[in-house]
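Please take a moment to look over the structure that follows, and keep it in view as you read the paragraphs below.

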Amino acid sequence: MRQQAMSERMVFNRPMPVNRLVATIADKAQVNTQEYGRRPYGVGFLVIGQDQSGPHLFEFSPSGNSYEYFAMSIGARSQSAKTYLEKHYKSFEDCTLEELIKHGLHALRETLQQDKELNVNNTSIGIIGPTGRHEKPVSPPGKFRIIEGEPVAVYLQSMDRKEPGDGAPVAPTTADEDVQMSG
């Protein structure tokens with residue numbers, strides 16, 4: 001991808017649009033699915049980028065398909081995160097950066113096993129676009145950056161607590177309690 005983007009800059013003296021960059025990579029991957037003796041790529045990934053038309057998020061699949069999304073999750077246990085993102089995506093347009101990060105962390109939390117919690121050691125946040133209230137200014141503005149370690153704690157503390165009805169296990173009843181049967 002870097003080589004494609006640099007080639008576009010050298011030949012046409014402009015940055016390559018993100019959708020064209022992803023389409024180029026997808027075309028290369030798709031050829032492998034049609035030729036005898038060539039194996040398709042074995043990995044899917046998310047591509048984020050920003051161009052003249054704004055920020056973009058693409059999912060690339062090993063078959064060579066690519067799709068643009070407002071929000072997406074891939075990988076093991078990603079279906080619960082997709083469900084959360086589908087349920088809330090209409091509100092993303094009016095959200096601040098901090099609220100978007102909070103939504104992302106909530107979606108990520110949905111993918112965790114029941115006995116796991118998000119913390120500064122297992123959470124990283126990737127941002128492209130303007131800086132948030134809890135960040136130092138970056139140069140150039142809109143540059144991609146990753147927040148890791150202690151700076152993530154501010155965002156983790158701002159998350160809403162998980163309610164018992166949100167997929168969290170309900171406390172089991174003890175054996176000493178009487179159970180009333182309706183019938």
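In which loop is the place of Arg77? Arg77 belongs to the loop between E3 and H3, where helices (H or I, at least four residues) and strands (E, at least two) are DSSP runs, numbered from the N terminus. The model is a predicted one, in which local features need pLDDT of at least 70, side-chain atom pairs count only at pLDDT 80 or more, and totals for chains, interfaces and linings use all residues. Residues are numbered from 1 along each chain as its sequence is written, and side-chain values use heavy atoms, with hydrogens and water left out.

Most residues other than glycine have a negative phi. Arg77, however, has a positive phi, near 60°, and Arg77 is partly exposed, with a relative accessible area of 47% (buried means under 20% relative accessible area, exposed over 50%, and partly exposed in between, with a 1.4 Å probe and protein chains only). Asn13, in the loop between helix H1 (2–12) and helix H2 (18–32), also has a positive phi, near 55°, and Asn13 is exposed, with a relative accessible area of 61%.

The loop between E3 and H3 also holds Ser78, which counts as buried at 7% relative accessibility. The side chain of Ser78 reaches the backbone oxygen of Gly75 at 3.0 Å. Leaving aside residues up to four places away in sequence, Ser78 touches Ser73 and Thr111, where contact means heavy atoms within 4.5 Å.

Turning to the strands, E1 and E2 run antiparallel and are joined by 7 bridges (two strands pair if DSSP finds at least two bridges between them). A hairpin leads from E1 to E2 through 2 residues, and Gln50 stands opposite Pro55 in E2.

Terms used: Polar contact = N/O pair within 3.5 Å; in protein donor to acceptor, adjacent residues only side chain to side chain.
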